[in-house]
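Hello,

Here is the structure we discussed handing over. My notes on its charged residues follow below it.

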Amino acid sequence: MARSKQEILDTLMERYGRTYAEELGIDVGRNTPGPLFELLVACLLMSARISTTIALRAGRALLRDHGLTTADKMADASWQERVDALGEGGYVRYDESTSSYLGETSELLVQRYDGDLRNLREQAGRDPAKQRRLLKEFKGLGDVGVDIFFREVQVAWEELYPFADDRVLGAAKRLGLGSSVDDLTGVVDRADFARLVGALTRVHVDDRYDEVRTGHQAEGESVPTDLQHKTKAELYEQARQQDVPGRSKMSKDELIQALAED
């Protein structure tokens, strides 16, 4: 028997309803220079042809382990320090070019906007099209990166709400939740809209459509929600602490299952 639209929505939000910013501990809703810069860094990292898991892990290394949480700090860090931080996060394929992009982006943000993306917002007259154009002037940030930024920052920049890119709308259509932004605003409150958009993005990236449609996880994937929501780096660290054998060769799903059974 087919599940109702509400049941599909409930499964989607329960299992995947979080933003990338939340996963990185970034409080975008504060709308202050630090969190906005951290979000920009995350979007730049996720713009490359690299897995989201690795991008988030690299973001943690840069922002949390190395404390490069402002444009000034990122610009003042050496190119090698940024490369090393990216490497710690497993971001090795694009570490050198991305280190350069991070440095150039931070310097431009400091010089043109005093390190504060709110100044970019005002310079654009709070016009989304102008904001997109100005954001794309940061090295390494194209339309994909701006889409990610808009999806996340709409919790603080009301002129962007409601924002959902083509990837999100395609996922929503496949799940029977609608095919337009207006359709999506009708299924959740504004406070949960960014989480809904984030959930649809994750389902698309990880190809979890069947799971959400049916409410059943694939065999061997019935695991606690807190494990599902962790990055592979976090799962690996937990597996290391619990001395799970063979952890270094496990995929994310294998790590989850091993921890669930431990």
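**Salt bridges and charges**

Arg 151 is buried, at 6% relative accessible area (buried is under 20%, exposed over 50%, partly exposed in between, with a 1.4 Å probe and protein chains only). The side chain of Arg 151 meets that of Asp 165 in a salt bridge, 2.5 Å from N to O (a side-chain nitrogen of Lys or Arg within 4 Å of a carboxyl oxygen of Asp or Glu). This pair links distant parts of the chain, 14 residues apart: Arg 151 is in helix H10, and Asp 165 is in the loop between H10 and helix H11 (166-174). Helices are DSSP runs of H or I with at least four residues, numbered from the N terminus. Asp 165 also counts as buried, at 7%.

This is a predicted model: local features need pLDDT of at least 70, side-chain atom pairs count only at pLDDT 80 or more, and totals for chains, interfaces and linings use all residues. Residues are numbered from 1 along each chain as its sequence is written, and side-chain values use heavy atoms, without hydrogens and water.

The whole structure has 20 salt bridges. One of them joins Lys 139 and Glu 104, with the closest N and O atoms 3.6 Å apart. Lys 139 lies in the loop between helix H9 (128-135) and helix H10 (143-153), and Glu 104 lies in helix H7, 35 residues away. Lys 139 is partly exposed at 41%, and Glu 104 is partly exposed at 38%.

Glu 211 and Arg 208 form another salt bridge, 3.6 Å from N to O; both residues are buried.

Regards

How values were computed: Helix = DSSP H or I, 4+ residues; strand = E, 2+ residues; numbered from the N terminus.
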